[in-house]
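Dear colleague,

My notes on it follow directly after.

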Amino acid sequence: METLEPILAQHPFLEGMERRHLELLVGCASNVRFDAGKFLFREGEEANHFYFVRHGRVVLEIFSPQRGPIEIETLTEGDVLGWSWLVPPYYWRFDARAVEMTRAIALDGKCLRNKCETDKDLGYELLKRFVNIVDRRLQATRLQLMDLYGD
Amino acid sequence: MIDKAPDPIVPRPFRIQRVRRETEDTFTVELVPVDGAGGTSFVPGQFNMLYLFGVGEIPVSISGDPNEGSKLVHTTRAVGTVTKAMQRLKRGSFLGVRGPYGTGWPVEEVAGSDVVLVAGGMGLAPLRPALFRLISRRERYGRIVLLYGTRSPADILFQKDLEHWRARFDLEVYVTVDRAMSSWRGNVGVVTGLIPKAPFDPSQTTALVCGPEVMMRFAVQELVRRGLNPSDIYVSMERNMKCAVGFCGHCQFGPHFVCKDGPVFRYDGVKELMWVREV
C-alpha cells in the first residue's frame, strides 16, 4: 500500500529527518482538500492538526467586529500551517481560510503529541523544526509592526 | 569663445508636462526641459535634485523609462514642505532640475544572469527604470523576478505597470502587502518572506534591493541565506543629500558620499557600514 511517506520526506520542513521518525509521522498524516472559501480552522476551535500546504493558498485572518476579517499572512505551497497544536490549551488563535482550492497533508496533533511524549527524540526533532518557523514568523511580524513603508 | 560645462550647482528650468497621482500620498511628475535642449538621459538608479523655486530643493530618484529620452519622470511621496508643495503643482508649472547624479544599477554588467529586484514601498520607484531597461533587452538576461512589498493594497505604486509586467510570460512578479482586508486577493506578509520561494538560481543571480534600510538589511540576509554571494547584491542607500556633488558632506556614509559614490552600492562594499548605528 502506498503511504504518504515519500511526499512527507520531500517536504523541506522534514528534510533530513530520520526514517523511523518519518514513519511515526505518517501514522498521523492524511490527505486533505479545501475548496476556495472554506475554513481550515477558526479562532477558538480546538487545535488538533497542522498542515503541510501542497497546492493552493491559505490566508490567516483575525476577525474584528469593527473592521471585519483582517488578513495577517498568506501561506502557499511548501509552507507549514499551524503550531497551536503544540501549545496548551491547544486552541486556534486565528482563522485560516483557503483563498483558492488548497490541497494539504494534515497531521493529527493529538496523535503526534502522544507519540512525542513517548519518543522524546521525535518531540525534540519536531520542536527544533517548528522553532525555525516560529522565528521566521516572529521576525516577519516585527517587520510588519514597524510599518516600515510609512516613513 | 570656449563653451563652459554647465555649473552642477545651478538648476535648469523644466516644465511640468503631467502630474499623476499614484496613491493617496504619492505622485509622479513628468518634466520636459524649457529650453528643449535634451539633457534627460540617465542611468537607472540615478537621482536628480528638484528645486521648487522659493520653497526648497530635494533629491528624488528617477522613476521613468530610460529608453524614453524626451522627458524626466520622478515619483515621490508628499511628506515634507517641498514635496507637499510640489504635489499641488499643475501642468505647466516650473521646477529647477540638477542632475542626474550618482551611481546606477549594474543592468549592463549583469547580462547573462538571473536578476531579482526586491522593492519595498517607495523603493519600487528607483528600480522601475532598471526593470524597463532589463525588459527592453530581455534576451540578454536569465529569469527576471520582481518582489515588491508595501504597506497595504491602497499603497501599491505603478499599478498599471504591475498588471502589464504580470501579464508577460518572461517576468515573474510577486506583490505582497503588510496588511489587508479580506477583499484583497493577493499575498499578505513581508517582502523578505517572498525570497525563499522566488524562482531564481542563487548561483547565477544578481539582486537589486531598494527600500527602507531595515527592510534592505533583512532582505539581504534572506538573499544570502538563499545562497547569493554578497558581491552579487546591490542596495540603494538614502541619506540627507544637499549639494549632490560631494562638496557639502551632508550625505556622508562612512568613507563614502551617497550622492556621488552611491546611491547604488555593491553590498559587500557597505556591508559593515549598514550595521553601524552611528553612520
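Domain bounds, as used here, come from an automatic or database domain assignment. On that basis chain B is divided into domain 1 (12–101) and domain 2 (114–236). Before going further, please note that this is a predicted model, in which local features need pLDDT of at least 70 and side-chain atom pairs count only at pLDDT 80 or more, while totals for chains, interfaces and linings use all residues. Residues are numbered from 1 along each chain as its sequence is written, and chains are lettered from A and ligands numbered from 1 in the order in which they are written.

The two domains of chain B

The centres of domain 1 and domain 2 of chain B, taken over C-alpha atoms, are separated by 24 Å. Contact between residues means that their C-beta atoms, placed from the backbone, lie within 7 Å. By this criterion, 15 residues of domain 1 of chain B are in contact with 14 residues of domain 2 of chain B. On the domain 1 side, strand 1 (12–23) and strand 5 (72–77) of chain B each supply at least two residues. Helices (H or I, at least four residues) and strands (E, at least two) are DSSP runs, numbered from the N terminus. The side of domain 1 of chain B that touches domain 2 of chain B has three nonpolar, eight polar and four charged residues. Here Ala, Val, Leu, Ile, Met, Phe, Trp, Tyr, Cys and Pro count as nonpolar, Asp, Glu, Lys and Arg as charged, and the others, Gly among them, as polar.

Nonpolar cores

A residue is called buried if 20 or more other C-beta atoms lie within 10 Å of its own, exposed if 12 or fewer, and partly exposed in between, with C-beta atoms placed from the backbone. A nonpolar core is a set of buried Ala, Val, Leu, Ile, Met, Phe, Trp, Tyr and Cys residues joined through C-beta atoms within 7 Å. The largest such core has 75 residues, and those with the most contacts inside it are B:Leu117, B:Leu147, B:Leu208, B:Val209, B:Ala219, B:Tyr234 and B:Val235. Domain 1 and domain 2 of chain B both give residues to this core, so it lies between them. Leaving aside residues up to four places away in sequence, B:Val235 touches B:Val209, B:Met216, B:Val220, B:Phe265, B:Tyr267 and B:Val270. A second, separate core of 31 residues includes A:Phe34, A:Leu75, A:Ala96 and A:Ala98.

Strand 8 of chain B

Strand 8 (residues 144–150) of chain B is mostly covered, with seven of its seven residues buried. From this strand, B:Ile144, B:Leu146, B:Tyr148 and B:Thr150 point one way, and B:Val145, B:Leu147 and B:Gly149 the other way. Strands are taken to pair if DSSP finds at least two bridges between them. Strand 7 (residues 114–120) of chain B pairs with strand 8 of chain B in the parallel sense over six bridges, and the bridge partner of B:Gly120 in strand 8 is B:Gly149.

The sheet of chain A

Chain A has an open sheet of four strands in the order 1-8-3-6, with antiparallel pairing. Its edge strands are strand 1 (29–34) and strand 6 (80–81) of chain A, each of which pairs on one side only. Strand 3 (residues 49–55) and strand 6 of chain A run antiparallel and are joined by two bridges; the partner of A:Tyr51 in strand 6 is A:Leu81.

The interface between the chains

In total, 22 residues of chain B are in contact with 21 residues of chain A. On the chain B side, strand 10 (180–181), strand 11 (187–188) and helix 4 (213–226) give two or more residues, and helix 4 of chain B gives the most, with three residues. The residues on this side divide into nine nonpolar, seven polar and six charged. Strand 5 (residues 68–76) of chain A pairs with strand 10 of chain B in the antiparallel sense over two bridges, where A:Ile70 has B:Met181 as its bridge partner.

Backbone details

The peptide bond from A:Pro88 to A:Pro89 is cis, with omega near 10 degrees, and A:Pro89 lies in the loop between strand 6 and strand 7 (95–98) of chain A. Another cis peptide bond joins B:Gly99 and B:Pro100, with omega about 0 degrees.

With kind regards

Terms used: Two residues are in contact if their C-beta atoms, placed from the backbone, lie within 7 Å.
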